[in-house]
Each structure stands twice: as C-alpha cells, then as structure tokens.
Amino acid sequence: MAAIIVHGGAGTIRKEERIPKVIEGVREAALAGWRELKRGSALDAVEEAVKALEDNPIFNAGTGSVLTLDGKVEMDAAIMRGKTLDAGAVAGIWGVRNPISVARKVMEKTDHVLLIGEGAVKFARLLGFEEYDPITEERLKQWEELRKKLIEKGETRHWKKLNELIKEYPEVLRSTVGAVAFDGEEVVAGTSTGGVFLKMFGRVGDTPIIGGGTYANEVAGASCTGLGEVAIKLALAKSATDFVRLGMDAQTASEAAIGLATKYFGPDTMGIIMVDAKGNVGFAKNTKHMSYAFMKDGMDEPEAGV
C-alpha cells in the first residue's frame, strides 16, 4: 500500500491566522509527493514533497530559511533510501534553492554521505545548481528584531540566552520540513531545514545527520523536527525505526520516539513523522503544534492538520 506523510515543523504557531496557510502548505506538498508516488517512486515522491515545502516561504527550509547570528543562511538537508541504505546529505549549504535535491545528488553521484559548507556549494555548482538567494524580507526583519533582543540580553554566544528567545518566539526559531513515503517496495525519508534562528555560524542540527533527524531502512522511515541537539543525542530517527523492527506500527513507534524525547529532555522539544513498510503512517509531537499531511491508497484527498 502506497503512502506519504509530510511535516512542516514542530513548535508553536503564535499567530492563529497563519495556521490555514501552514495547513494548505503541507497539503500541497503531500499532493505533490503523491503524484510522484503514483508514478511508482518513493524517492521522487519525497524529493518533490520536500521541494514544495522548501519553495514555500512560510516554512523554514529553502526559501524562507532563518538567518544565523551573523545574518547568513546555512541550510541542511538529507535523503535516505530504506532498501539500499543509500543516503546523501548537505550541511551549512547556501546559495541554492532546493537543498534536498543537492542531497540526493550527493547520494547518487558521490561515494560520500555528507558534504558541508563551501564544499557542498562547489558540488552544487559543479552539477549545475544555479545561484539563488533564499532570504525573504520577513526573515530579514525577524533577524534584525531578534538579534537586537539577544544582544540586549547580554552574551550572544551562549545557548541559554537563545533558549529564552526560543520560548518567546517559538514559531520562528524552530522549524524543519520533511517527508516519508512508501511505494510498495521501498521506504524513503527526507528532511530539510534552515536551522535555528540566530544559531551560531557553523552549527549543524539533526536534519543531515543520518539516524538523528533522517533515517530509512527496510522496515520504516522517519523524519524529525524540533530541537536538533535532542534528536542527535537520541539518534531519534533510527530509534523510531528500531521500535518498528521490534513489532510496533508507524503510529505506535512515533509515539514511543516522542516519549523518549520527553523523558530525557522534557516537553516542547520534538516532533516526528513515519511510514512503515506495510504502508502505515504515524506522527507524534510533544509541542503545541506540528503541521502534517498524509495520503494513502484509498484516500481521495490528504488529511492535514496541526
């Protein structure tokens, strides 16, 4: 049974009027992925779904990515095939429109898994990805306001200060997008993010860490969203697929994974989406909101919500 699920990030959407736009965004991404899935490829489905989210400036990935402490965009992305365990990822990349597509090329065209920074950009240019500025006016304005607040609070180099801002402005400080699909033969997972607003230059979160924020194998796939450091420490995406291997379905495994995050790091930290190799979808969060949308065989329209 074919299935796809996408997420647009976990956290809190403080402005209620944004919720319909967020829901419509994940719904459109699920449909974009579903069209590719019906052609038979979970890999193409995941890439197209994530690209739709990267191209929507309401999400923190691709166009609309948040800015680092020094006012730049450093994006992360990863994609993984469950059948072969092939994986590709980029971290701290800039100047491209769709990091998920560059990550796929890393998987298909190199012997490596992860390319970072300037090397990732050079690789993208080598393969014909054109120069692109993903910074929007809204993100630039948010950066100016938040950076001023952070500086006024004192030491900008300490995460303690940034964590205070995360609590105050959760809708702009934490967000990631992702997709997981099953085409009847293979599960594929993909994730993309602009990272954490005002992150230290060079900081890499869980998204491009295989097993941390993105993972797929022969039993399931998972894409995480939330505080990247939490997902890395728990190897959360891999842990979630391990729960499936132990006999859980995608929904139960998602709940177990978020239970793990809550146990060790508290509430308001993580969200996850999953698909298992039986075509079951799952999603869970310990945040107030996490936008999601999914489709399976037999459904006429995606189910979407926050």
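Biologist: Hi! What kind of model is this, predicted or experimental?
Modeller: Hi! This is a predicted model.

Biologist: Good to know. In what order do the strands of the open sheet run?
Modeller: Eight strands make up that sheet, ordered S4-S3-S2-S6-S5-S1-S11-S12, and their pairing is mixed.

Biologist: Which strands stand at the edges?
Modeller: Those are S4 (114-116) and S12 (303-305). Each has a single partner strand, so one side of each is left without a neighbour in the sheet.

Biologist: And by how much are neighbouring strands turned against each other?
Modeller: On average by 5°, with direction ignored.

Biologist: Let's look at the S12 end. How do S11 and S12 run, parallel or antiparallel?
Modeller: Antiparallel, with three bridges joining S12 to S11, which spans residues 289-296. Within that pair, alanine 293 stands opposite alanine 304 in S12.

Biologist: Which strands does helix H2 touch?
Modeller: H2 (residues 42-54) packs on the sheet and touches S1 (3-11), S2 (75-81), S5 (177-182) and S6 (187-193). The direction of H2 makes about 160° with that of S5.

Biologist: H2 also packs with H3, I see. At what angle?
Modeller: H2 and H3 (residues 99-109) pack at about 150°, and their axes are 8 Å apart. That makes H2 roughly antiparallel to H3, as the angle is over 145 degrees.

Biologist: Which residues meet there?
Modeller: From H2 there are Leu43, Asp44, Glu47, Val50, Lys51 and Glu54. They meet Pro99, Ile100, Ser101, Arg104, Met107 and Glu108 in H3. By class, the contact has five nonpolar, one polar and six charged residues.

Biologist: Tell me about serine 101. Buried or exposed?
Modeller: Serine 101 counts as buried, at 8% relative accessibility. Leaving out residues up to four places away in sequence, serine 101 touches Glu47, Lys51 and Phe129.

Biologist: Changing topic: where does UniProt put the active site?
Modeller: The unreviewed UniProt entry places the feature "active site" at Thr176. Threonine 176 lies in the loop between helix H7 (170-173) and S5.

Biologist: Why does threonine 176 count as buried?
Modeller: Because threonine 176 has 3% relative accessibility, and buried means under 20%.

Biologist: What is threonine 176 in contact with, beyond its neighbours within four places in sequence?
Modeller: The contacts of threonine 176 include His7, Gly8, Gly9 and Asn60. Also among them are Thr191, Ser192, Thr193 and Thr207, along with Cys224, Thr225 and Gly226.

Biologist: Which residues does the "binding site" annotation cover?
Modeller: In the unreviewed UniProt entry, that annotation covers Arg203, Val204, Gly205, Asp206, Thr225, Gly226, Leu227 and Gly228.

Biologist: Where do Leu227 and Gly228 sit?
Modeller: Leucine 227 is in the loop between S8 (220-226) and H8 (228-234). Glycine 228 is in helix H8. With 1% relative accessibility, glycine 228 counts as buried. Beyond its neighbours within four places in sequence, glycine 228 is in contact with Arg203 and Asp206.

Biologist: How many residues of S8 are buried?
Modeller: Seven of the seven, so S8 is largely enclosed by the rest of the structure. Ala220, Ala222, Cys224 and Gly226 point one way, while Gly221, Ser223 and Thr225 point the other way.

Biologist: In what sense does S8 pair with S7 and S9?
Modeller: S8 pairs with S7 in the antiparallel sense over three bridges, and S8 pairs with S9 in the antiparallel sense over seven bridges. S7 and S8 form a hairpin with three residues between them. Tyrosine 215 has alanine 222 in S8 as its bridge partner, and threonine 225 stands opposite glycine 271 in S9.

Biologist: Last one, helix H9. Which of its residues are buried?
Modeller: Leu236, Ala237, Ser239, Ala240, Thr241, Phe243 and Val244. That is seven of the 10 residues of H9 (236-245), so H9 is largely enclosed by the rest of the structure.

Biologist: What covers them?
Modeller: The cover includes S7 (214-216), S8, H8, H10 (250-265) and S9 (270-276). Just after H9, glycine 247 takes a positive phi of about 120°.

Definitions and conventions
Residues are numbered from 1 along each chain as its sequence is written. This is a predicted model: local features need pLDDT of at least 70, side-chain atom pairs count only at pLDDT 80 or more; totals for chains, interfaces and linings use all residues. Side-chain values use heavy atoms; hydrogens and water are left out. Two strands pair if DSSP finds at least two bridges between them. Helices (H or I, at least four residues) and strands (E, at least two) are DSSP runs, numbered from the N terminus. Axes are lines fitted to C-alpha atoms, for helices over the stretch in contact, and angles run from 0 to 180 degrees between N-to-C directions. Contact means heavy atoms within 4.5 Å. UniProt positions are given in the numbering used here, feature names are shortened, and annotations may be inferred rather than shown by experiment. Buried means under 20% relative accessible area, exposed over 50%, partly exposed in between (1.4 Å probe, protein chains only). Angles under 35 degrees count as roughly parallel, over 145 as roughly antiparallel, 65 to 115 as roughly perpendicular and the rest as oblique. Ala, Val, Leu, Ile, Met, Phe, Trp, Tyr, Cys and Pro count as nonpolar, Asp, Glu, Lys and Arg as charged, and the others, Gly among them, as polar.
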